[in-house]
Amino acid sequence: MLQIVEKEKCCGCYACQNICARNAIELKLDGEGFAYPVIDQQRCVDCGACEAVCPILNSPKEEENERQKGYLVQIKDERIRKESTSGGSFTAIASWIIDQRGVVFGATLDIVKREVHHRWVDNKEELRLFRNSKYVQSNIGECFKEARHFLKEGRWVCFSGTPCQIEGLKCFLRGDYEKLVTVDVVCYGIPSPGVFRDYINWQQNRIGGKFTKMLFREKRLSYNYTSVSIFNEDKEKDYHSGVERDKFMRTFFSDMNVRPSCYGCHFKKRYRVSDFTIWDCYDVKAFSRNFDEEGTNRMLIHSEKGRRIFEEIKPNIRWEGYEDLNHFVADEVAMVKSVKRPSGREVFFEDYAKMEFGELMEKWFPDTWKVRTNSFLRMTAFRLGVYNPAKRLVKRLLRKN
């Protein structure tokens with residue numbers, strides 16, 4: 001029987017809930033708003049299936065893959081790239097899957113339910129639901145079981161998610177499928193669904209109107225300076241804020257609002273079990289002069305299956321291979337290193353349990369003069385087009401010294 005004694009040893013991937021034949025496991029939110037398995041002792045027969053599929057207990061040892069390939073990628077469809085967090089490479093992969101009459105699983109944000117959850121689609125129009133980053137842990141629900149069902153029917157399945165979710169799926173399936181394609185995104189850490197729900201409720205009470213959509217990274221000013229945007233039926237009440245001032249994003253990037261398992265993540269590695277790993281390329285000019293700065297993905301391909309699919313999608317993307325993979329991944333610390341646990345985290349969540357959300361944010365993340373000044377300077381640098389060149393110059397000077 002799976003027993004979560006240390007919360008640092010549960011990533012909330014839902015594999016245990018999906019594998020339980022007696023429906024004895026349900027993931028429920030704890031006091032910090034993170035999902036953990038709760039076992040119904042009356043139903044559990046102690047079969048051990050849940051332990052057998054736990055990715056933290058069964059994660060394979062990382063092995064160097066000499067055939068790993070790296071690419072810069074932009075989808076050619078500019079509308080899709082505009083809607084995407086960066087270069088739209090996932091839509092290119094997912095579209096190919098749908099062309100094979102397959103299904104695609106990904107995370108979507110439901111602003112009405114105040115949650116991010118996984119679901120599947122089988123048409124290209126609905127792929128828009130998966131575009132744009134979701135900085136909240138996704139509720140997988142029964143998607144692992146649904147993916148297995150489609151695979152057993154002989155259909156192509158593309159499953160996207162965080163590295164722990166992909167390893168959870170692989171452990172759940174207990175074997176590879178020829179038509180399974182997995183795409184993981186480089187993950188900094190996973191924010192609390194409970195804190196997110198309370199944030200949206202707080203914004204609703206503060207702003208009013210009726211929320212219709214939220215984007216964590218809208219390219220309002222540029223790809224490199226993205227804003228958190230909440231759209232309202234009353235357009236005059238639309239909310240836009242840079243990530244350095246938005247309250248929820250500050251809880252996240254301060255490392256305060258991160259799942260306990262993320263502080264010692266088991267899935268931080270360069271060589272992964274997925275077919276594709278994708279992430280941002282903010283300063284694309286540091287890698288190539290052949291791409292604009294409106295959004296580019298970096299992509300690692302880990303498998304022969306991934307390489308075959310990449311050949312198929314080439315007509316729909318702009319791409320460039322990158323030979324020096326050590327340099328290609330060197331600046332993406334989140335790929336291989338866990339975030340550090342802040343010293344005040346326990347106190348923050350103690351306050352979260354007893355304080356109104358607005359009061360909590362005012363105490364921990366006030367809109368100080370320093371915060372406002374930093375926001376103004378960053379926005380000005382982006383508007384003048386000097387942010388990335390200045391950043392590259394500083395890096396060069398630091399290396400020389």
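Trainee: In what order do the 8 strands form the open sheet?

Mentor: Strands of a sheet pair through backbone hydrogen bonds, either parallel or antiparallel. In this predicted model, the order is β5-β4-β6-β7-β11-β12-β3-β13, with mixed pairing. Strands are DSSP runs (E, at least two residues), as helices are (H or I, at least four), numbered from the N terminus; two strands pair if DSSP finds at least two bridges between them. Residues are numbered from 1 along each chain as its sequence is written. Local features need pLDDT of at least 70, side-chain atom pairs count only at pLDDT 80 or more, totals for chains, interfaces and linings use all residues, and side-chain values use heavy atoms, leaving out hydrogens and water.

Trainee: In which sense do β6 and β7 pair?

Mentor: Strands β6 (residues 157–161) and β7 (residues 180–185) pair in the parallel sense over 5 bridges. Within this pairing, Phe 159 has Thr 182 of β7 as its bridge partner.

Trainee: Which strands does helix α7 touch?

Mentor: Contact means heavy atoms within 4.5 Å. Helix α7 (residues 163–173) packs on the sheet and touches β5, β6 and β7. Its direction makes about 155 degrees with that of β7; axes are lines fitted to C-alpha atoms, for helices over the stretch in contact, and angles run from 0 to 180 degrees between N-to-C directions.

Trainee: How many bridges join β1 and β2?

Mentor: Strand β1 (residues 25–29) and β2 pair in the antiparallel sense over 5 bridges, and Leu 27 stands opposite Pro 37 in β2.
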